[in-house]
Amino acid sequence: MNPITIKPISQGKVRDIYDLGDKLMLVATDRISAFDYVLEDEIPYKGKVLTQISKFWFELLDDVVDNHMITTDVADLPDEFAPWSEWLDGRFMIVRKMEMFPVECIVRGYLAGSGLKEYKREGTVCGIHLPDGLQNSSKLPEVLFTPSTKAEIGDHDENISFERCAQILGEDDAQELRRLSTLVYNAAAEYASQRGIIIADTKFEFGRGADGCIALGDEVLTPDSSRFWPADEYAPGKDQPSFDKQFVRDWLTANWDKQGTPPRLPQEIIERTSQKYLQAYELLVGKPL
């Protein structure tokens, strides 16, 4: 639970955002969401994992794309947040303000999730026709850029065509977001493969800074925004084990009809999910959190 008594300007499913004048402070809590609900139980270390993985990628990919990160150093905390410095350490990021684009940039390298369901029905993913004969978790013939609209908490994001994306953003910006999204995904996927992780798909968010340049924002390539699979267990034709909240999703699917308030999670599910997040960090970064 976030102990800070200063009111954030915005609260997402996981992050709380504070206005610092010309900058923002993003705070990743240990909250967890599933099926568009924020659950009552929290996952220990999750917020720190999300912040530290994002920090790692922002630094690693800095020569590929600009980003909004300024600092994650507790010494740079504004004075008014000093009373909570111990809790904030490792889970906050001070970033420059940007005008965020009103679309989420989803990149898919493998057939999974909603893409798999659509392919089984229609032979397409977000309206893009694919070859026959692909199976669950197949590697796609080429990386797909499949944008979606941003939904309010409790609502579902809506997949949109590239043409609709261009109508919303303008052709030039839509083309640039597709180019950058694919570039970043390919660079990250190549790195992750060397660490034993397949990035099946991911979600990026971009914004335009005061200088007019497009930069990567929000979180990036975390287990919350991506599907991470262990490469040594990868086998097409079935669901893959993953480094994320799949334990939570699976337990809820088996124990909840998705009507009304989600049930409390068993301690075992909380602990196993926490371990998966920590394992993802350690594999990617090469050291324990």
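Author: Let's start with a helix: E86 sits in helix α2, residues 85-88. Helices (H or I, at least four residues) and strands (E, at least two) are DSSP runs, numbered from the N terminus. Keep in mind that this is a predicted model, where local features need pLDDT of at least 70 and side-chain atom pairs count only at pLDDT 80 or more, while totals for chains, interfaces and linings use all residues. Residues are numbered from 1 along each chain as its sequence is written, and side-chain values use heavy atoms, with hydrogens and water left out.

Reader: Is E86 buried or exposed?

Author: The general idea is that buried means under 20% relative accessible area, exposed over 50%, and partly exposed in between (1.4 Å probe, protein chains only). E86 has 72% relative accessibility, so it counts as exposed.

Reader: Which residues form the negative surface patch?

Author: That patch is made up of D73, D76, E86 and D89. Patches take residues with over 30% relative accessible area and no salt bridge, with like charges joined within 9 Å and nonpolar side chains (Val, Leu, Ile, Met, Phe, Trp, Tyr) within 5 Å. Asp and Glu count as negative, Lys and Arg as positive, and His and the chain ends are not counted.

Reader: On to sheets. In what order do the five strands of the open sheet run?

Author: Two strands pair if DSSP finds at least two bridges between them. Here the order is β1-β2-β3-β7-β6, with antiparallel pairing. The edges are β1 (10-11) and β6 (69-71), each of which pairs on one side only.

Reader: Which residue in β7 does L26 stand opposite?

Author: L26 faces M93 there. Strand β3 (residues 23-28) and strand β7 (residues 92-96) are antiparallel over five bridges.

Reader: How many salt bridges does the structure hold?

Author: A salt bridge is a side-chain nitrogen of Lys or Arg within 4 Å of a carboxyl oxygen of Asp or Glu. The structure holds 19 of them. In one, the side chains of K46 and D224 meet at 2.8 Å, N to O. That pair links distant parts of the chain, 178 residues apart: K46 is in helix α1 (residues 46-60), and D224 is in the loop between β15 (214-217) and β16 (226-230). K46 counts as buried because its relative accessibility is 0%.

Reader: What about E104 and K203?

Author: Their side chains form a salt bridge at 3.8 Å, N to O. E104 lies in strand β9 (residues 103-110) and K203 in strand β14 (residues 197-208), 99 residues apart. E104 is buried at 9% relative accessibility, and K203 is buried at 19%.

Reader: How far apart along the helix are E176 and R179?

Author: They are three residues apart in helix α5 (residues 171-194), so about one helical turn separates them. E176 is partly exposed at 26% relative accessibility, and R179 is partly exposed at 45%.

Definitions and conventions:
Accessible areas come from the Shrake-Rupley method with a 1.4 Å probe; for residues, only the protein chains shown count as cover. The place of a charge is taken as NZ of Lys, CZ of Arg, CG of Asp or CD of Glu.
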